[in-house]
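Welcome, and open your viewer.

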Amino acid sequence: MAVYKRGYRRYDGPRVASQWRRLMVLPRQAWRRLFEQRLVLVVFIVGMFWPLLCAAYLYVSHHAELWGGLNASIFEALKVDGRFFRLFANTQCTFAVILAALAGPGMVAPDLTNGALPLYFSRPISRTGYVAARLATVFGMLSLITVVPGLLLFAMQAGMAPSEWISENWTFGLALAAGFTLWNLVVSLVALACSAWVRWRIVAGGLVLAFFFVTAGASTMINTVFRDNWGSLISPARQMFGLWCAMLGVDPPDGYDTPSALIALGLLIAGLLFVLERKLRPVEVVS
């Protein structure tokens, strides 16, 4: 048969690599490119300073000889409880948003701008696999400054504290893992959705920051004008703060409701996935 008579057909022969190994090619190459960007690397390194300071705080709190001459109020300040881990989590969540604003827009926008999606999807990679690979890239980077330091601090505290501390506060470790996982998922999807929607990396990065900070300001304005707390539902940052308080045993903000917060975050995740489903297509038919 002549070559010009053979139309394009997707490869259906034997596949040596597994589906998981094929998908991990994208995150592996993306991580290498991201860490070659100086600004991303600087923010990543700065994001590690706060966990180091918290680790130093834990060390000092368990060595009374370093502060034995101080009054009793210092002992209460050095107590490690849910408020300590909430402060740590809130700070790292902010760094996660900044890092996602720098790293996330470069995941999808170049592929859409340069028309690379047909090239990806002509290989044994589906749209779901492509989104999962891009999501794993951003999610994995954010986990390095959130989940990993959080669990290391919890393990450090459990190792230096009396044996009964872990039996009384084991939920802190579960709260850190679950809370950071949920937050990283939301932030990663926001970064990917903004990248797919705008297609310009700089504008998409600014849109990621604006999404979180503008919604937080708008929720405060709505609550002030209507003298109610329902405006907080539009701010994922405020809902996550309430979840941290609930999971770490700290008094939540006034009017906070855990089921409402989970529903609001769930609807946000569903909406972001819908945006990605609409935008990430190899071809677009315009009528």
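A residue counts as buried under 20% relative accessible area, as exposed over 50% and as partly exposed in between, with a 1.4 Å probe and protein chains only. This is a predicted model, in which local features need pLDDT of at least 70 and side-chain atom pairs pLDDT 80 or more, while totals for chains, interfaces and linings use all residues. Residues are numbered from 1 along each chain as its sequence is written, and side-chain values use heavy atoms, leaving out hydrogens and water.

**Stop one.** Select Glu277, which lies in helix H15 (residues 258-279); helices here are DSSP runs of H or I with at least four residues, numbered from the N terminus. Glu277 has a relative accessible area of 33%, so it is partly exposed.

**Stop two.** Next, select helix H3 (residues 38-46) and colour its buried residues, Val40, Val43 and Phe44. They sit on the same side of H3 because they cover an arc of only 100° around the axis, taken from the directions from the helix axis to the C-beta atoms. Which helices do the buried residues of H3 pack against? Show helix H2 (25-34), H6 and helix H9 (127-145) to see these partners, where contact means heavy atoms within 4.5 Å. Turn to the face of H3 away from its buried side, and you will find the exposed residues Arg38 and Leu39.

Conventions:
Helices (H or I, at least four residues) and strands (E, at least two) are DSSP runs, numbered from the N terminus.
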